[in-house]
Amino acid sequence: MSGDLPIRKIIHVDMDAFYASVEQMDNPELKGKPVAVGGGGKRGVVSAASYEARKFGVKSAMAGNLASKLCPELIFVRPRFDRYSEISKKVKSIFYDYTDLVEPLSLDEAYLDVTENKKGNPSASLIAKDIRERIFNEVGLTASAGISINKFIAKIASDYNKPNGQKTVNPEEVIEFLEKLDIRKFYGVGKVTAEKMYQNGIFTGLDLKNKSLEYLDKNFGKSGRYYYHIVRGIHNSEVKPNRIRKSLAAERTFSKNLSSEVFMLEKLDHIAEEVSRRLKKSKVAGKTVTLKIKYSDFTLQTRSKTLQYFINDKSIILETAKDLLYQETLSNSVRLLGISLSNLNTEAKKKPEQQSVNVQLKFEF
C-alpha cells in the first residue's frame, strides 16, 4: 500500500440472521429452532434463515420446497418488513451516537467511518465492541463486525467470526490477510468470475497479486484494474452517508428501575444537557420535543410537544420534558428515559461531503 493514501478506520456492522433473529426475538417459541422467513411450497422463496436452519443447508433465495426437504422441521414465518425497518432504525440510531459517517447497505448492515468519532475513542475495535454490546442490550439482537482500513476489507472481516463476533485487520496485517484469502471470499468476485479465475490459476489473493495489470485487464476487462488494486489493499471508496438527520436524541437505561418522579427529574437534567450539547455541536435546533419512557415491563411510551420556535437550549428542553413527564401518571416503574428533538431546522440541508483523512500507517485499531 502506498503510504500517502488515506488510511481510515472503517467498521462494517452486519446483523446476524437479521429477519429470522427478529422473529425469534418477538416469538420466544421460535428460539433455538430452524426458522425460515418467507414462503414454503413450490412458489415460496426463503428470504432469510436462522442459524439453526443454516446447519441443514437452508439459505436465502432458496426455493421453499427445497428448504423443506433439507430441513423437515423447518418453520416458515411470513416476513414483516415494517417490523424489520423499525428494528433497523433503532440499530442505526446507535451508529449515529458514534459518527455521522454511516452508509447503510440494507436494513441489516452498514459501514461506519470512525477515523474521527463523537466519542473521541482512538480504537475502532473498541468502538465496534461497544456498538455490538449496545445493540444486544438495547435492541436484543446480536451483530458481527469487521474493522480495517477500508470498506472492502472491513466487509470481508465481518464474516469471519459470525455470529456475534468481530475481526480486526490492522494496517500492517492487510497484505498478508489478502494474500491468504480464498478468491471466493473477495467481495465483488461472484461465482462465474471465481470459476474463470480458477481456470486462470488464481485460487488465492497471492495468486491474484502475482498477475500483472495488463493480464487482468486482458482477461477480466474493466474489473481487472479493480482486482489489481484491492488485492494490494487499495480501495478508496469513502463511506457515503445518504440520510439527512431528522432528529437528535439521548437516552439512559438505569441499573435500577425508578419509581419516583423526583429521581427521574435528576436523570432528565443530565439527558437534556447531553441533547443540548449534541444539538449545539451539530449547529442545529428543533421544534418537537419527545419524551421516551420505557417501563420495567418493557412497554414503551412516547409523549411529544411541538413548540412554535426552534430550540437547542438545555433549560427549555428540560422544562418541556418535565411538562411531558407530568402530562399523565406513570403506569409502572421506569427503566429508561430519553429525550429527542425532531422537526429540525436542517432537514432541507445536505450533509457536507466526507473529507479524506491522511493518517500515518500505524495507529490504534
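**Exercise 1. Which hand, right or left, has the crossing of α10 and α11?**

Solution. The model is a predicted one, in which local features need pLDDT of at least 70 and side-chain atom pairs count only at pLDDT 80 or more, while totals for chains, interfaces and linings use all residues. Residues are numbered from 1 along each chain as its sequence is written, and side-chain values use heavy atoms, without hydrogens and water.

Step 1. Locate the helices: α10 covers residues 213-220 and α11 covers residues 223-230. Helices are DSSP runs of H or I with at least four residues, strands are runs of E with at least two, and both are numbered from the N terminus.

Step 2. Take the geometry. The angle between α10 and α11 is about 140 degrees, and their axes are 7 Å apart. Axes are lines fitted to C-alpha atoms, for helices over the stretch in contact, and angles between N-to-C directions run from 0 to 180 degrees.

Step 3. Classify the angle. α10 is therefore oblique to α11; the classes are roughly parallel under 35 degrees, roughly antiparallel over 145, roughly perpendicular from 65 to 115, and oblique for the rest.

Step 4. Assign the hand. The crossing of α10 and α11 is right-handed. A crossing is right-handed if the near helix is turned clockwise from the far one by less than a right angle, and left-handed if anticlockwise.

Step 5. List the contact, meaning heavy atoms within 4.5 Å. From α10 come L213, L216, D217 and F220, and from α11 come S223, G224, R225, Y227 and Y228. This contact holds 5 nonpolar, 2 polar and 2 charged residues. Ala, Val, Leu, Ile, Met, Phe, Trp, Tyr, Cys and Pro count as nonpolar, Asp, Glu, Lys and Arg as charged, and the others, Gly among them, as polar.

**Exercise 2. Describe how α12 and α13 pack.**

Solution. Step 1. Helix α12 (residues 261-282) and helix α13 (residues 314-325) have axes 9 Å apart and an angle of about 140 degrees. The pair is therefore oblique, and the crossing of α12 and α13 is right-handed.

Step 2. Residues of α12 in the contact include M264, L265 and L268, and those of α13 include I317, L318 and L325. By class, the contact of α12 with α13 has 10 nonpolar, 1 polar and 5 charged residues.

**Exercise 3. Work out the order of the 5-strand sheet and find its edges.**

Solution. Step 1. The sheet is open, with mixed pairing and the order β5-β6-β1-β7-β8. Two strands pair if DSSP finds at least two bridges between them.

Step 2. The edge strands are β5 (102-106) and β8 (166-168); each has a single partner strand, so one side of each lacks a neighbour in the sheet.

Step 3. Strand β1 (residues 10-15) pairs with β7 (residues 143-148) in the antiparallel sense over 6 bridges. V13 has A145 in β7 as its bridge partner. Helix α5 (residues 124-139) packs on this sheet, touching β1, β6 (109-113), β7 and β8.

**Exercise 4. Is K155 buried or exposed?**

Solution. Step 1. K155 sits in helix α6 (residues 151-157).

Step 2. K155 has a relative accessible area of 16% and is therefore buried. Buried means under 20% relative accessible area, exposed over 50%, and partly exposed in between, with a 1.4 Å probe and protein chains only.

Step 3. Leaving out residues up to four places away in sequence, K155 touches H12, L105, E109, Y111 and Y187.
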